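Visitor: Please take me through one part of this model in close detail. I would like the contact between the two chains, and then what lies behind it on each side.

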Amino acid sequence: MQTRADRIVAALTRCFPPAEIAVVDDSHKHAHHAGARAEGETHYSVQVVSPAFAGQSRIARSRAAHAALAAEFATGLHALSLKLLTPEEAARG
Amino acid sequence: MSNPAFERIESDIKANPVVLYMKGTPVFPQCGFSARVVQILSHIGAPFKGVNVLEDAEIREGIKEYANWPTIPQLYVNGEFVGGCDIVMEMFQAGELQSMLKEQGIPVKDEG
């Protein structure tokens with residue numbers, strides 16, 4: 001069965017090719033907080049490195065990622081920490 | 001402007017130069033992401049108004065639609081949406097938050 005993390009990777013891969021993607025499920029750290037669900041899959045940290053972000057503001061990059069993940073927000077994704085970089089920015093560290 | 005929350009949001013972000021829509025209050029944040037933004041604003045000495053969305057369901061949903069942004073916290077400066085926790089954090093680390101606030105006429109502490 002596909003996890004939400006799998007679906008996040010798939011959606012971001014589709015929207016920002018070619019992308020390097022790392023997804024961490026932080027839901028366990030937020031158990032019992034508002035927004036947490038017994039089944040987890042609510043809180044994620046995501047890093048995407050893609051040339052698709054070149055020339056885009058921080059807000060534009062995040063909005064594009066939110067749009068790519070709209071189906072996840074609609075089904076219980078509660079918190080998403082985003083690091084969205086071009087390959088050049090990622091290389092600079 | 002169909003959403004009744006929008007009018008309240010607009011009057012708030014026009015009346016207050018820096019507004020943070022957050023979970024909890026600046027003194028008692030109830031979410032780690034909101035707490036981080038409070039910490040940054042306090043660190044740089046920028047005065048701001050906190051709006052606790054947990055106390056207001058209309059604003060809690062309305063603000064997401066208003067900014068076309070699905071998460072809270074959300075920071076506004078002089079009526080403009082700046083970003084959420086990640087963006088505020090990145091701007092702070094790059095020194096951009098401080099310079100942007102200064103340009104917007106918001107008093108910030110000079111770092112020694």
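Guide: Start with a salt bridge. Arg58(A) pairs with Glu90(B), and their closest N and O atoms are 2.9 Å apart. The model is predicted, and side-chain atom pairs count only at pLDDT 80 or more. Across the interface of chain A and chain B, the rule finds two salt bridges. Polar contacts are counted separately: seven residue pairs between chain A and chain B, with both residues at pLDDT 80 or more.

Which elements of chain A carry this side? Those that give two or more residues to it are α2 (58-68) and β3 (79-85) of chain A. By type, the residues on the side of chain A that touches chain B divide into five nonpolar, six polar and three charged.

Now the extent. Chain A puts 14 residues into the contact, and chain B puts in 15 residues. The size of an interface is often given as the accessible area lost when the parts come together. Here the area buried between chain A and chain B is about 1,300 Å². Carbon and sulfur atoms give 56% of that area. On the side of chain A, three residues stand out: Arg58(A), Ile59(A) and Arg63(A) supply 45% of the area that chain A buries against chain B.

Strands of a sheet pair through backbone hydrogen bonds, either parallel or antiparallel. In chain A, three strands form an open sheet in the order β1-β2-β3, with mixed pairing. Its edge strands are β1 (20-25) and β3 of chain A, each pairing on one side only. Neighbouring strands of this sheet are turned by 10° against each other on average, direction ignored. So one edge strand, β3(A), is also among the elements that give two or more residues to the side touching chain B. β1(A) pairs with β2 (residues 43-49) of chain A in the antiparallel sense, over six bridges. One bridge sets Glu20(A) against Val49(A) in β2(A).

Most residues other than glycine have a negative phi, and most peptide bonds are trans. The bond joining Pro17(A) and Pro18(A) is cis, with omega about -15°. Pro18(A) is in the loop between α1 (4-15) and β1 of chain A.

Turn to chain B. Four strands form an open sheet there, in the order β2-β1-β3-β4, and the pairing is mixed. The edges are β2 (49-52) and β4 (80-83) of chain B, and each pairs on one side only. The twist averages 25° from one strand to the next. β1 (residues 18-22) and β3 (residues 74-77) of chain B pair in the antiparallel sense over four bridges. Val18(B) stands opposite Val77(B) in β3(B). Helix α2 (residues 32-43) of chain B lies across β1 and β3 of chain B, running at about 160° to β1(B).

Finish with the loop between α3 (57-67) and β3 of chain B, where Pro73(B) is found. The peptide bond from Ile72(B) to Pro73(B) is cis, with omega near 15°. Asn68(B) is in the loop between α3 and β3 of chain B as well. Asn68(B) has a positive phi of about 55°, although it is not a glycine.

Key. Residues numbered from 1 in each chain as written. Chains lettered and ligands numbered in written order. Predicted model: local features only at pLDDT ≥ 70, side-chain atom pairs only at ≥ 80, totals over all residues. Heavy atoms only, no water. Contact = heavy atoms within 4.5 Å. Buried area = accessible area lost by both parts, 1.4 Å probe. Salt bridge = Lys/Arg side-chain N within 4 Å of Asp/Glu carboxyl O. Polar contact = N/O pair within 3.5 Å; in protein donor to acceptor, adjacent residues only side chain to side chain. Nonpolar A, V, L, I, M, F, W, Y, C, P; charged D, E, K, R; others polar. Pairing = 2+ DSSP bridges. Axes fitted to C-alpha atoms, helices over the stretch in contact; angles between N-to-C directions.
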